[in-house]
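Please take a moment to look over the sequence and the model below before reading on. The paragraphs that follow lead through contacts between side chains, one pair after another.

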Amino acid sequence: MTAHQSSIVDEAPPEQAWALLNQLDSAAMVDVRTKAEWSFVGLPDLSGIGKPLWPIEWVMFPTMAPNAHFVEQLLDEAGGNLPGRIFFICRSGARSMSAAQTVAHVMQGSGHVSHCTNVAEGFEGDLDADGHRGTINGWKAHGLPWRQS
C-alpha cells in the first residue's frame, strides 16, 4: 500500500484474530477497555506468541470521557512505528471498532498505513439469557489465552 491509499478496517471473530496474530510477523493488539475492566475482568495474553498487547483506554474511567490522546498513546506504545496489522478489542466489539476506524482515519495520509482489525464479539462477548457476559461468545468464551492481575 502507498501513503495515498486508505487504511483497511475489517473485523475478525476472536479465534480468527488469534490465528492471524500467531501467523503475522508484524502485528499487535490494542485493548481499548478501561483500567477497571483490565483489573477486574482480565486481559488477552499474547505473551506465548511474542506479540505486544497495548492497553490504552478509548474512554477514561470513571468519567467515560473520550481519551483525547488515544492515537498519541498508541504511537508511543509502538515506539513511533506501527505494525502492519493492529487488532483492537473491547468488551463486546463496539468501542474497539470506533477506535480502529479512528486510527485508520488518522493514519490515512500520514505516510503510515496500517491494517486495523476489530475483534468481533470482544473480550467478554454478548449477554446471555441471565444477563452475564463471557459465556456465549467473545475472547474468553472461546478459551483463548487471558490473564488477570
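How many aromatic pairs does the count come to? In this predicted model, the count comes to 3 aromatic pairs. In one of them, the rings of tryptophan 18 and tryptophan 139 have their centres 6.0 Å apart, and because their planes stand at 85°, where over 60 degrees is the cut-off, the pair is edge-to-face. Tryptophan 18 belongs to helix H1 (residues 14-23), whereas tryptophan 139 sits in the loop between strand S8 (115-119) and strand S9 (146-147), so this pair ties together parts that are 121 residues apart in sequence. Tryptophan 18 and tryptophan 139 are both buried.

Another aromatic pair is formed by phenylalanine 123 and tryptophan 146, which is also edge-to-face, with 6.1 Å from centre to centre and 80° between the planes. Here phenylalanine 123 lies in the loop between S8 and S9, while tryptophan 146 lies in strand S9, so the pair ties together parts that are 23 residues apart in sequence. Phenylalanine 123 counts as buried, because its relative accessibility is 0% and the limit for that word is under 20%, whereas tryptophan 146, with a relative accessible area of 34%, is partly exposed. Tryptophan 146 has a further neighbour in lysine 140, which lies over the face of tryptophan 146 at 4.1 Å from the ring centre.

Side chains of opposite charge can pair when their charged atoms come close. The count comes to 3 salt bridges in this model, and one of them joins the side chains of arginine 85 and aspartate 10, at 3.7 Å from N to O. Since arginine 85 lies in strand S7 (residues 85-89) and aspartate 10 in strand S1 (residues 8-12), the pair ties together parts that are 75 residues apart in sequence. Arginine 85 is buried, with a relative accessible area of 14%, but aspartate 10, at 25% relative accessibility, counts as partly exposed.

Which residue forms a salt bridge with arginine 33? The partner is aspartate 31, and the closest N and O atoms of the two are 2.6 Å apart; arginine 33 and aspartate 31 are both buried.

A further salt bridge is the one in which the side chains of arginine 95 and glutamate 37 meet, at 2.9 Å from N to O. This pair links distant parts of the chain, with arginine 95 in helix H4 (residues 94-107) and glutamate 37 in helix H2 (residues 35-41), 58 residues apart. Arginine 95 counts as buried at 18% relative accessibility, and glutamate 37 is buried too, with a relative accessible area of 13%.

Key: Residues numbered from 1 in each chain as written. Predicted model: local features only at pLDDT ≥ 70, side-chain atom pairs only at ≥ 80, totals over all residues. Heavy atoms only, no water. Salt bridge = Lys/Arg side-chain N within 4 Å of Asp/Glu carboxyl O. Helix = DSSP H or I, 4+ residues; strand = E, 2+ residues; numbered from the N terminus. Buried < 20%, exposed > 50% of the residue type's maximum accessible area, 1.4 Å probe, protein only. Phe/Tyr/Trp six-rings, centres within 6.5 Å; stacked < 30°, edge-to-face > 60°. Lys NZ or Arg CZ within 6 Å of the ring centre and 35° of its normal.
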